[in-house]
Amino acid sequence: MLKTFSLGGVHPAENKFSAGKKIETLPVPEQVSVPIAQHIGAPSEPVVKKGDEVKVGQLIAKSTGFVSTNIHSPVSGKVFKVDDILDASGYKRKAIIIKVEGDEWDENINRNADLVTDITLSKEEIVKKVGEAGIVGLGGATFPAHVKLSVPPGKTCDVLILNAVECEPYLTSDHQLMMEKGEEIMVGTQILMKALDVTKAIIGIENNKKDAIDHMSNLAQKYDGITIEALKVQYPQGGEKQLIDACIQRQIPSGKLPIEVGAVVQNVGTTYAVYEAVQKNKPLFERIVTVTGKSVSKPSNFLTRVGTPVSALINAAGGLPEDTGKVIGGGPMMGKALSSIEVPVTKGSSGILIMPDKIAKRGTMEPCIRCSKCVSVCPMGLSPYLLMTVSDKAIWDRAEEEKIMDCIECGSCSYTCPASRPLLDYIRLGKGKVGNIMRSRNK
Amino acid sequence: MNVVLITIISLGVLGTLAAIILYFVAQKFKVFEDPRIDQVEEVLPAANCGGCGFPGCRAFAEAMVKSDDISDLNCPVGGAETMSAAAGILGKEVAAAAPTVAVVRCNGTCDNRPKVTNYDGATSCTIASSLYGGDTGCSDGCYGLGECVDACNFDAMYMDEKTGLPVIIEDNCVSCGACVDACPKDIIELRKKGPKSRRIFVSCVNKDKGAPAKKACSVACISCKKCQKACPFEAITIENNLAYIHDDKCKLCRKCVSECPTNAIHELNFPPKKPKVEKVVPENAE
Amino acid sequence: MNTLTVSPSPHVHSGDSVKKNMYGVIIALLPALAASVYYFGLGALIVTMAAVISCVFFEWAIQKYLLKTNPTVLDGSAALTGLLLAFNMPTNLPIWIIIIGSLVAIGIGKMSFGGLGNNIFNPALVGRVFLLISFPVQMTLWPKPSENMTNYLDATTGATPLSVMKEGLANGESVSSLMAKIPSLSELFFGNLGGSAGEVAAVALLIGLVYMLIRKIITWHIPVSIIATVAVFSGILNLASPEQFAGPLFHILTGGLMLGAIFMATDYVSSPMANKGMIIFGIGIGVITVVIRVFGAYPEGVSFAILIMNGFVPLIDKYVKPKRFGEVVKTAGKK
């Protein structure tokens with residue numbers, strides 16, 4: 001019996017069309033737009049101006065606080081302008097737009113592909129390096145990685161958990177990364193273990209990636225303290241709280257961080273980025289992006305520079321299919337529908353999913369029949385039907401009482417609802433309002 | 001007979017006892033309340049809409065009785081008449097606030113503002129606005145999902161099905177501000193009603209520069225500043241690429257209206273101009 | 001290029017729908033319907049058709065002409081109410097009574113609360129109990145099974161095992177002598193007993209339960225907790241005084257207990273949302289059922305028990321919450 005998390009969960013059709021597709025390097029585009037807010041926390045501050053020459057890997061925007069991060073140029077060329085562009089939501093956000101000229105890398109970056117296993121840096125130096133390299137959680141949450149590696153005083157961490165679950169349907173970027181860069185991930189894990197001062201690391205992989213489980217288990221034998229945990233396929237296992245529960249059976253109390261139960265979770269993609277930053281001195285400016293969908297002619301995994309327009313990726317995967325209804329940044333459960341395909345790839349883009357018109361349309365909303373399916377699938381043990389009602393009726397104190405803030409927005413409730421009710425839409429609205437009320441109360 | 005008598009007597013005694021106890025308890029726990037609060041509440045419209053900023057009419061009446069200076073208190077529903085009646089009861093002075101009315105500052109109809117995406121989420125402007133900028137190229141304009149209409153307690157708004165925009169029924173609008181609060185885009189504004197309900201305002205809230213604004217919507221303010229130059233009273237300011245007419249300075253001369261190259265400035269309830277330039281002002285209020 | 005659609009996540013749906021669930025329950029009821037026709041013949045068919053058609057008609061008429069909304073009768077909920085109502089009536093009931101029952105079930109039980117999803121009480125049971133109280137004679141004339149294949153109103157009638165037991169005990173007879181007067185337990189299991197149309201074969205109802213559990217239409221909590229409670233409660237009484245109280249198997253296999261536990265109490269709208277709440281709900285129904293059967297005036301109490309507990313559902317939902325994540329806190333093992 002494979003392990004999984006204890007409450008709720010759903011199992012959507014996996015549709016991993018791009019599984020086993022080798023990682024291809026996408027050609028550098030003619031122009032990139034690098035948004036200055038690609039992470040959770042304060043936006044970065046641009047340090048280049050119009051007309052500046054930049055090299056690949058050069059710092060172009062610096063961190064503006066502890067929970068913030070550096071941004072490096074993904075290309076070489078000339079800064080065209082620093083201006084507002086439309087982001088994925090159709091709102092204006094500041095970005096650095098660079099016209100590409102050649103592909104000249106910063107000379108400090110080691111571009112040799114050899115594996116470097118010796119970890120020479122000390123614990124503090126690793127955390128500093130990760131922070132400087134602008135590494136954020138690459139699973140999609142984009143939380144700055146160095147913050148998670150800095151264990152707050154008074155707390156202890158005894159285990160590192162690597163998130164290789166990839167529970168979102170369609171996406172395969174982490175899977176393919178493990179198959180091709182397994183050794184590097186192992187060294188990256190060792191680096192993270194050193195930074196956190198722990199002797200145990202668990203890599204959680206869902207059982208629908210049997211080849212990755214075998215491959216990683218073989219590699220793990222060479223490294224001390226790393227174990228592979230095959231997990232039952234169940235969404236949202238990739239949620240931090242669910243993954244910790246599945247791997248080590250500890251539940252994070254409401255409103256607390258993983259460190260409360262002595263665990264730190266990092267994504268495998270992040271781990272690979274940490275390896276590159278620490279061993280090769282390469283900051284984070286490219287990532288693996290899955291481009292997939294039922295009607296996509298060539299589902300692929302691309303190594304893509306940040307700032308590349310999504311349309312370039314789609315073209316490389318065979319162009320936008322005729323029946324396109326929705327283009328989603330990320331997976332189908334938690335991804336964000338894009339309002340335009342000219343928006344840039346960011347550090348958090350794990351995939352581009354193109355959905356046909358037919359599947360993309362939501363069903364007609366019917367009255368709640370109180371079937372309690374949303375309650376039984378909620379991985380946080382909440383009552384989504386009730387949270388939707390109180391959010392709709394603006395009863396915020398009741399919403400807070402019912403722990404609306406515990407919601408991880410996994411979408412299992414809306415996915416399941418037989419009456420096609422937009423449960424999560426309203427819960428998200430309520431979370432925003434209640435969050436504001438709670439913050440203003442604490443002031 | 002005996003049974004009836006005993007019943008009447010015992011119940012009578014019980015009733016009298018209870019009455020006496022209740023009387024003393026009522027005396028003991030009596031809360032003094034200014035009788036003028038009731039009187040003031042009497043003249044208020046009892047709509048409990050919250051337009052005055054207080055939770056309901058009684059709270060407003062209390063505030064009127066308690067504060068010495070009531071010049072900053074105003075019941076938008078009752079208007080000057082109610083306020084002077086209430087002030088008369090209290091013997092206080094009240095400044096006559098000019099009546100205001102809600103205006104919708106977006107004219108992005110389906111024709112003027114082509115759709116670039118389809119929205120397929122919950123029917124709520126707040127949810128849509130937290131998701132994205134809207135289904136047109138304008139990220140400041142109206143979503144057309146009608147949260148303002150739901151918020152209106154006075155049947156003063158409806159969604160025009162042809163344009164997809166909310167319309168204010170001027171006669172019903174009491175300017176309580178519920179729609180203003182409901183709109184996540186701050187499109188609706190309370191403006192001075194003006195003499196004979198005549199008003200001029202910029203019907204656009206788009207903060208983009210001229211070219212993208214014009215591309216997104218044919219009747220957008222493109223911040224060309226022509227209206228500002230035309231205005232003899234300095235009533236127009238331009239901020240964030242958007243013109244705004246200050247209703248306290250505007251003298252309703254209508255010079256700006258004909259200047260505007262995109263018809264973004266609307267005039268309401270004016271008699272038709274002598275036919276000089278044929279202008280199609282898209283349908284609006286009423 | 002097509003215009004892109006934008007909506008909040010999630011962007012996929014399980015494909016489940018209200019319709020699928022309602023028709024799923026109806027499919028689960030088909031074995032019981034077959035058993036009913038097998039034992040009661042023509043009468044079962046007439047009663048079922050009359051109830052289903054009149055419930056669907058009343059829902060359609062009320063939505064169209066009273067509420068002036070788009071009728072949603074095709075979602076199957078009205079047909080399901082009709083089917084369940086029919087299963088709770090004797091198979092020799094005149095059609096005009098069935099029509100009155102359907103009107104009460106749909107009109108008062110369901111639409112007056114605001115239609116699907118808003119009713120507090122199970123509509124079919126509202127209709128049934130209304131009829132039981134208004135037409136006590138017609139509602140308690142039970143056709144004998146296997147003898148009335150072609151008879152409808154003129155069916156020969158007899159007592160149900162439950163009423164035999166109730167009257168016998170009241171007359172001072174012992175349980176063992178009464179058990180001899182009713183069909184054997186295995187006959188009860190396969191349905192050869194007098195009663196309402198759907199109360200016949202426990203085995204057919206159990207097939208329906210298994211189907212609904214596999215399709216994940218309902219969870220096990222409510223049926224299991226009701227049946228277990230009845231078994232335990234009647235078992236204790238039986239152990240205390242075997243000649244005064246009938247045993248658990250008798251209580252489980254007779255009357256509407258199986259039908260009630262599997263199909264009536266599990267009605268989505270009028271049952272609790274959390275698993276713990278469902279178990280409390282089930283225990284309540286079980287206890288009240290046995291109390292009415294053993295100590296009350298009626299021989300059967302499942303309908304009343306479910307209706308009474310329906311009334312408690314809002315309270316249960318308010319105080320019994322699902323198990324929340326992170327309530328059991330395990331802290332880090334120290335190094």
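The legends below describe close-up views of a predicted model. Local features need pLDDT of at least 70 and side-chain atom pairs count only at pLDDT 80 or more, while totals for chains, interfaces and linings use all residues. Residues are numbered from 1 along each chain as its sequence is written, and chains are lettered from A in the order in which they are written.

**View 1. Strand 13 of chain A, residues 286-292.** Strands (E, at least two residues) and helices (H or I, at least four) are DSSP runs numbered from the N terminus. Seven of the seven residues of strand 13 are buried, so the strand is largely enclosed by the rest of the structure. Buried means that 20 or more other C-beta atoms, placed from the backbone, lie within 10 Å of the residue's own. Glu286(A), Ile288(A), Thr290(A) and Thr292(A) point one way, and Arg287(A), Val289(A) and Val291(A) the other way.

**View 2. Strands paired with strand 13 of chain A.** Two strands pair if DSSP finds at least two bridges between them. Strand 14 (residues 300-305) runs antiparallel to strand 13 and is joined to it by six bridges; here Glu286(A) stands opposite Arg305(A). Strand 17 (residues 351-356) runs parallel to strand 13, with three bridges, and its Ile352(A) stands opposite Val291(A).

**View 3. The side of chain A that touches chain C.** Here 59 residues of chain A are in contact (C-beta atoms, placed from the backbone, within 7 Å) with 40 residues of chain C. Elements that each supply at least two residues of this side of chain A include strand 16 (336-337), helix 9 (373-377) and helix 13 (423-442). Strand 15 of chain A gives the most, with five residues.

Methods. A residue is buried if 20 or more other C-beta atoms lie within 10 Å of its own, exposed if 12 or fewer, and partly exposed in between; C-beta atoms are placed from the backbone. Two residues are in contact if their C-beta atoms, placed from the backbone, lie within 7 Å.
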